[in-house]
Amino acid sequence: GAAAASPATGPRPAAAAAAAAKSNAAAAAVQDEASRRDAYTASFSALSAAALKECLRAQKPDQLLGGNKKELVDRCVDRKLYGNLPRCPACGLGKLRVAYALPVGHKGQGRFSCPGGYDDDAYKPCSYKATAAERPAWTVVAAETETPVRKSAKKRPAGGGDDEGAPVPLD
């Protein structure tokens, strides 16, 4: 009886190991995505709003340019990580919007919708909705790679450090 039971239990540990490896790979991919998001957020946050808009304007198709600096940074990070949002495949006028179920791990896919757009002078509403979209790759532009001048650098004394002129202990 023992010999017959052995083959039946053999695949279970292998299947469990394969599932654990797949789970670890997925967790590592989410961690990598989160790390890249943090790095892109830091680099885009160092740019001016004008430079962020220049980055977005250079993308194909053109991306939304409105919003405050945080919204512009978030938009640049999203597009660099997952690709640009395309124009609506249904109406061809609107720029797709996306809502994600989770902050990371979605691979750039979520709930896509189109608000519509202007055809000549008339606004044409659109009800397009989808759960996936092909996103054209982000194009790196000069504004993205320039080293920003830090605002605080202008305020510091010529000698550099904040402790300049402070008493030096004599021990």
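Here are legends for a few close-up views of this predicted model.

Residues are numbered from 1 along each chain as its sequence is written. Local features need pLDDT of at least 70, side-chain atom pairs count only at pLDDT 80 or more, and totals for chains, interfaces and linings use all residues, while side-chain values use heavy atoms, with hydrogens and water left out.

View A. Arginine 79 sits in helix α4 (residues 69-82); helices are DSSP runs of H or I, at least four residues, and strands are runs of E, at least two, numbered from the N terminus. Arginine 79 is buried at 7% relative accessible area (buried is under 20%, exposed over 50%, partly exposed in between, with a 1.4 Å probe and protein chains only). Beyond its neighbours within four places in sequence, arginine 79 has contacts (heavy atoms within 4.5 Å) that include Leu56, Arg135 and Trp138.

View B. Phenylalanine 44 belongs to helix α2 (residues 11-45) and tryptophan 138 to the loop between β5 and α5 (142-145), 94 residues apart. Phenylalanine 44 is buried at 1% relative accessibility, and tryptophan 138 is buried at 11%.

**View C. Tyrosine 118 with tyrosine 123.** Ring centres lie 5.4 Å apart and planes at 65°, so this pair is edge-to-face. Tyrosine 118 is exposed at 58%, whereas tyrosine 123 is partly exposed at 40%.

How values were computed
Rings of Phe, Tyr and Trp (its six-membered ring) pair if their centres lie within 6.5 Å; planes under 30 degrees apart count as stacked, over 60 as edge-to-face and the rest as tilted.
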